[in-house]
Amino acid sequence: MGSKAATSVRVTGDRRMMRVLVLALSALSVTHGGYNVGLGRGDITGPAAEIGMMGYAKQGQNTKGIHTRLFSRAFIIEDVDSGTRVVFVSVDEAMMGQLVKIGVMEKLSSLFPGVYSEENVVLSATHTHSGPAGFMQYVLFNVPNLGFVAQTLDAMVDGIVQSIITAHGNLAPGKVYHSVGVVDEEASINRSPTSYLANPEEERARYPGNLDKDMVQLSFYNDQGAALGVLNWFSVHPNSMNNTNHFISGDNKGAASLMFEKAMDPDYVAGKTPFVAAFASTNLGDVSPNTMGPR
């Protein structure tokens with residue numbers, strides 16, 4: 001894996017800038033080429049009508065259509081020397097559930113005996129607040145949506161497994177670059193600055209402010225140098241869509257993924273591109289995208 005490279009990143013809607021950002025990473029990091037990499041995507045959208053939504057815990061906020069489809073994006077990295085293989089999956093949902101992980105592992109164990117297990121598969125939700133609910137195994141999480149919804153669970157399990165199947169089939173020699181940049185644009189605010197001030201002074205002194213503005217990114221290339229995809233982490237809540245929304249949506253992170261993918265492969269339909277871009281969740285606790293305040 002490449003060494004850490006510090007660079008300044010500016011948020012922009014210019015598609016050409018997205019391409020430049022990805023293609024320029026090869027000049028920023030020195031990479032270890034002893035990897036096999038595979039990327040894949042699967043649709044996890046689920047029931048789009050009359051199902052409670054997961055995130056705001058608001059009864060009556062039920063699905064009434066689709067703003068953007070929801071996807072699972074899988075990234076497999078295998079160290080050629082050791083044979084160690086890991087899978088990271090970013091899923092357009094509010095959170096991950098044990099039932100989902102169990103269902104995924106049961107199917108993977110049948111499809112790829114001895115290859116994937118609880119020890120090398122990581123499932124991570126983006127934390128969008130606009131996905132269908134009902135997939136959790138605990139009663140409390142299913143109260144706002146009035147119960148368990150098998151359709152939601154099945155769509156998530158099937159889509160996640162499909163993304164891993166695709167990534168497994170694409171596994172081939174490649175390179176992984178690791179970069180860290182600072183997002184200079186005002187992309188987020190701390191929604192509870194008074195709470196942050198309650199932290200010990202010596203702890204607050206370790207940081208430049210009450211926001212983490214670093215973006216960490218892994219960029220994937222095949223051994224011919226062609227860009228395959230990116231996986232990044234930036235701390236911001238995916239709740240640009242407020243609790244009056246009734247349309248299924250990947251929210252800001254899901255939209256960023258689709259726009260980045262479309263920018264890299266403009267001739268493909270959104271959600272069907274060979275290039276895979278995941279904007280995964282990280283330390284987003286009190287970090288809001290609503291820089292002008294709640295709406």
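These legends accompany several close-up views of a predicted model. Residues are numbered from 1 along each chain as its sequence is written. Because the model is predicted, local features need pLDDT of at least 70 and side-chain atom pairs count only at pLDDT 80 or more, while totals for chains, interfaces and linings use all residues; side-chain values use heavy atoms, with hydrogens and water left out.

**View 1. Helix α2 and what covers it.** Helix α2 spans residues 98–111; here helices (H or I, at least four residues) and strands (E, at least two) are DSSP runs, numbered from the N terminus. Its 14 residues reach 20 Å from the first C-alpha to the last, close to the 20 Å expected at 1.5 Å a residue (the expected span is 1.5 Å times one less than the number of residues). Val 100, Gly 103, Val 104, Met 105 and Leu 108 are the residues to look for, as they are buried (buried means under 20% relative accessible area, exposed over 50%, partly exposed in between, with a 1.4 Å probe and protein chains only). An α-helix has 3.6 residues a turn, so residues three or four places apart point the same way. The cover over the buried residues of α2 includes β7 (121–125) and α4 (150–169), where contact means heavy atoms within 4.5 Å.

**View 2. The largest nonpolar core.** This core holds 28 residues, and Val 100, Val 104, Leu 108, Ile 160 and Ile 164 touch the most other members. A nonpolar core is a set of buried Ala, Val, Leu, Ile, Met, Phe, Trp, Tyr and Cys residues joined through side-chain atoms within 4.5 Å. Two or more residues come from each of β5, β6, α2, β7 and α4, and α4 gives the most, with 7 residues. A second, separate core of 14 residues includes Leu 39, Phe 75, Phe 88 and Phe 220. Back at Ile 160, the residues touched include Ile 44, Ser 72, Val 89 and Leu 123, not counting residues up to four places away in sequence.

**View 3. The second largest pocket.** About 300 Å³ of space lies here. Of its 17 lining residues, Asn 190, Tyr 196, Asn 210, Leu 211 and Asp 212 are the closest to the centre. Helices α5 (193–196) and α6 (201–204) each give two or more residues to the lining. On a 1 Å grid over the protein atoms alone, a pocket is an open set of points where a 1.4 Å probe fits, with protein on both sides within 12 Å along at least five of seven lines, and lining residues have an atom within 4 Å of a point. Points are joined across faces, edges and corners, and the volume is the space filled by probe spheres set on them.

**View 4. Ser 188 and its contacts.** Ser 188 sits in the loop between β9 (172–183) and β10 (189–190). Its relative accessible area is 6%, so Ser 188 is buried. Leaving aside neighbours within four places in sequence, Ser 188 is in contact with Leu 211, Phe 234, Ser 235, Val 236, Val 287, Ser 288 and Thr 291.

View 5. Most residues other than glycine have a negative phi. Glu 50, in strand β3 (residues 49–54), has a positive phi of about 65°. Glu 50 is exposed because its relative accessible area is 71%. Asp 251, in helix α7 (residues 251–264), has a positive phi near 60°. Asp 251 counts as buried, at 5% relative accessibility.
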